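Biologist: Can you put the model up? I have some questions about what is packed inside.

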Amino acid sequence: MSASLPPGSRCLYDARTVDRAVDRVAVEMALCLWDARPVVVCLMNGGLPFTADLLRRFYFDLELDYMHLARYDGQQGGDIRLLRKPTRTIAGRTVLLVDDVLDEGQTLRAAQRLVGEAGARETVTAVLVRKDVAAPVAQANFAALEAPDEFLVGRGMDCDGAFRQLSGIYCLPAP
């Protein structure tokens with residue numbers, strides 16, 4: 001564990017476990033997307049490490065773009081703000097939305113709505129971590145890992161911009 005994490009933080013998944021989970025889900029996704037030539041849309045900033053991990057494991061044709069939606073301020077969720085739409089042509093295409101974590105599903109639902117409005121033929125969703133949350137408003141087609149409903153950092157997930165670079169996944173103590 002990083003010395004800079006707050007006291008009471010604990011490692012949920014070490015880097016090796018995360019890598020193995022990404023290996024597994026990348027194979028599942030490749031089987032689904034092999035002939036689709038999808039537009040892979042990374043949900044910034046949290047989805048960047050997972051997207052990069054997936055791209056290194058994909059050996060099929062694809063295009064890459066990103067969307068930036070913001071929702072969190074510290075450990076508190078708020079209204080979703082659209083900071084950047086994808087610029088690639090989405091109309092008539094299969095779109096793979098990649099994000100770091102699915103908890104309530106607000107961000108993923110907003111991203112799905114936006115690519116749907118842009119005319120995506122099919123939207124496939126993938127998250128690194130799916131939290132055990134009752135009745136999320138969106139579902140992911142693929143999830144590498146499952147986690148309790150706690151505040152997570154590492155592997156793209158952050159708290160006020162910190163801890164995204166950690167290769168493992170950690171639970172922070174409640175504020």
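**Strands, core and rings**

Modeller: This is a predicted model.

Biologist: How many bridges join β6 to β7, and how do they run?

Modeller: There are five bridges between β6 and β7, and the two strands run parallel.

Biologist: Why is β7 largely enclosed?

Modeller: Five of its six residues are buried, so β7 is largely enclosed by the rest of the structure.

Biologist: OK, the largest nonpolar core. Which residues have the most contacts inside it?

Modeller: Leu54, Leu96, Val129 and Ile169, in a core of 29 residues. Elements giving two or more residues to this core include α1 (15-33), β6 (122-131) and β7 (142-147).

Biologist: Which element gives the largest share?

Modeller: α1, with eight residues. Apart from this core lies another, of 19 residues, with Leu43, Leu97, Leu114 and Val127 among them.

Biologist: Back to Leu96. What does Leu96 touch?

Modeller: Leaving out residues up to four places away in sequence, its contacts include Met29, Leu33, Val124 and Phe58.

Biologist: Phe58, then. Is Phe58 buried or exposed?

Modeller: Phe58 is buried, and so is Phe60. The two form a tilted aromatic pair, 4.7 Å centre to centre with 35° between the planes. Together with Trp34 they make one aromatic cluster.

Biologist: Different topic. What lies over the face of Tyr66?

Modeller: Arg84 does, at 3.7 Å from the ring centre.

Key:
Residues numbered from 1 in each chain as written. Predicted model: local features only at pLDDT ≥ 70, side-chain atom pairs only at ≥ 80, totals over all residues. Heavy atoms only, no water. Core = buried A, V, L, I, M, F, W, Y, C linked by side-chain atoms within 4.5 Å. Buried < 20%, exposed > 50% of the residue type's maximum accessible area, 1.4 Å probe, protein only. Helix = DSSP H or I, 4+ residues; strand = E, 2+ residues; numbered from the N terminus. Contact = heavy atoms within 4.5 Å. Pairing = 2+ DSSP bridges. Phe/Tyr/Trp six-rings, centres within 6.5 Å; stacked < 30°, edge-to-face > 60°. Lys NZ or Arg CZ within 6 Å of the ring centre and 35° of its normal.
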